[in-house]
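Colleague: Could we go through this model together? I would like to begin with the aromatic rings.

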Amino acid sequence: MVKAVILVGRLQKGTRFRPLSLEIPKPLFPIAGQPMIQHHFEACAKVPEMKEIILIGGYDSDQMRRFAQKMQKEFSIPVRYLQEHESLGTAGGIYHFRDQILSGSPECFFLFNCDICCDFPLVDLLKFHREHTPADGITMMGTDANRKQAVNYGCIVENSDTHEVKHYVEKPETFVSSIINTGVYILSPNAFAHMSTVFRQNYEGNYRDRPMSPVRDSISLEQDIISPLAGTGKIFVYKTSRFWSQIKTAGSAIYANRLYLGLFRQTCPERLTVNEADQPTIIGDVRIHPTADINPTAMLGPNVYVGPGVVIRAGARVKESIILDSAELMDHCCVLHSIVGWHSVVGEWARVEGFPCDPNPNDPLARVNSDTVFNDEGRLNPSITILGKSVFIPPEVIVLNSIVLPHKELSGSYKNQIIL
Ligand code: GTP
């Protein structure tokens, strides 16, 4: 049997996802109509040997536990949420909870970053792990990026015959390799032996230098484990050419929304809305919650998700956007490349628009720009427009490429601004 562990992070992380992460833990933010990590669950549920899914993170909200219960019911697989009381790092958390992960003696376990979107090839990854990786080893899933963008990720140098990882550098200063770490791994139980060595070194180092200082028990999987183990025959890379992207900024959420809706078209088209007589016009991939109320003269798509209780009135136009629960789009308003927050209202004839930094469609190795919302001069990068929760946009104004914090009532038009 195998298990899966999803690292969900903590409230203090996900800062680039604000203001949306002020309202909901980032891993639960809806992408293509379901929480970001529900996509991970759907992929895990397709692995026949999957016996348990464990979430590890620092959120103390009941929300995470309720979500775990809901997933357990939906996928009929035991799901647990294990709470870290301090930030333990990407390896520290799994090391801390190793007894729970190894209970029942799994053959190995999948490990996922929560903030990625992917057409997860888990069955193939498991097959590769069984065929290539030693009993105390780690399999990383890698993918290709272009030379310019690769340096923003963990870079993997492989032996192209054996697929052994010879060298691993996290966000190198100069080009190292175009194979990047996707944040999906399989670990054998004996991989904990390497973590134990690092943990002991940290502990002893702290103890010798500063006897009264707390133990440094935050361990990074990438820097403290994978980097030193590269070239020792313990780490192997499985390369995927399926879609993959990080979800760091709200702008990348729009891109992930598009990718998952496209996947649904192939795997579960019943989730998407189709054109019908006396119903709103649908262009491309659109998912609409059954409780949304949409005027038949509205036009939606491509790549739109409309959440529960949303009202969209006559003549409204929505494209490349996520409209969150109970928002209201009034007559003839236009929402493009934007996220409209819970209970927000966009007035009649208003225009809410973003300028996304989508990857170059002519470069199959280009990745979505997941950098910060600010550029080096501290100015807002071209991104999307985000309306936080309960924002009111008056009729006939234009809001371009701006972030509006929750509970704001705008009085005019804005461009390239953060409205506090
Ligand atoms: P950044 O570009 O700086 O965000 O780095 P990154 O993309 O490598 O992300 P990071 O290493 O910070 O996080 C990778 C994944 O691990 C994300 O899904 C985080 O939510 C999760 N994560 C990071 N640190 C912790 C931690 O201390 N505990 C847990 N449980 N999860 C973590």
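Colleague: How many aromatic pairs does the count come to?

Modeller: This is a predicted model. With ring centres within 6.5 Å taken as a pair, the count comes to ten aromatic pairs.

Colleague: Let us take Phe 109 and Phe 192. Are their planes stacked or edge-to-face?

Modeller: The pair is stacked, because the ring centres of Phe 109 and Phe 192 are 5.7 Å apart and the planes meet at 15°. Planes under 30 degrees apart count as stacked.

Colleague: Which parts does that pair tie together?

Modeller: Phe 109 belongs to strand 6 (residues 108–113) and Phe 192 to helix 7 (residues 192–209), so the pair links parts that are 83 residues apart in sequence.

Colleague: And are Phe 109 and Phe 192 buried or exposed?

Modeller: Phe 109 is buried, with a relative accessible area of 0%. Phe 192 is buried as well, at 6%.

Colleague: What about the rings of Phe 128 and Tyr 238?

Modeller: Their centres are 5.6 Å apart and their planes lie at 65°, so this pair is edge-to-face. Phe 128 is in helix 5 (residues 122–132) and Tyr 238 in strand 12 (residues 235–239), so the pair ties together parts 110 residues apart in sequence. Both Phe 128 and Tyr 238 are buried.

Colleague: Staying with helix 5, which of its residues are buried?

Modeller: The buried residues of helix 5 are Leu 122, Leu 125, Leu 126, Phe 128 and His 129.

Colleague: Why do they line one face of the helix?

Modeller: Viewed down the axis of helix 5, the buried residues fall within an arc of 160°, and therefore they line one face.

Colleague: What covers them?

Modeller: The cover over the buried residues of helix 5 includes strand 1 (2–9), helix 1 (38–45), strand 6, strand 8 (138–144), strand 11 (179–187) and strand 12.

Colleague: A change of topic: which ring does the charged end of Arg 147 sit over?

Modeller: The charged end of Arg 147 sits over the ring of Phe 175, 3.7 Å from its centre. Likewise, the charged end of Arg 98 sits over the ring of Tyr 95, at 4.0 Å from the ring centre.

Colleague: Finally, where is Glu 84 found?

Modeller: Glu 84 is in the loop between strand 5 (79–83) and helix 3 (89–96). Glu 84 is buried yet has no salt bridge.

Colleague: What is the nearest side chain of opposite charge?

Modeller: That side chain is Arg 10, 4.2 Å away, whereas a salt bridge needs a distance within 4 Å. Glu 84 does touch Arg 10, and its other contacts include Ile 56, Gly 93 and Phe 97.

Methods. Residues are numbered from 1 along each chain as its sequence is written. This is a predicted model: local features need pLDDT of at least 70, side-chain atom pairs count only at pLDDT 80 or more; totals for chains, interfaces and linings use all residues. Side-chain values use heavy atoms; hydrogens and water are left out. Rings of Phe, Tyr and Trp (its six-membered ring) pair if their centres lie within 6.5 Å; planes under 30 degrees apart count as stacked, over 60 as edge-to-face and the rest as tilted. Helices (H or I, at least four residues) and strands (E, at least two) are DSSP runs, numbered from the N terminus. Buried means under 20% relative accessible area, exposed over 50%, partly exposed in between (1.4 Å probe, protein chains only). A charge sits over a ring if NZ of Lys or CZ of Arg is within 6 Å of the ring centre and within 35 degrees of the ring normal. The arc is that of the directions from the helix axis to the C-beta atoms. Contact means heavy atoms within 4.5 Å. Lys and Arg count as positive and Asp and Glu as negative; His and the chain ends are not counted. Lists of a residue's contacts leave out its neighbours within four places in sequence.
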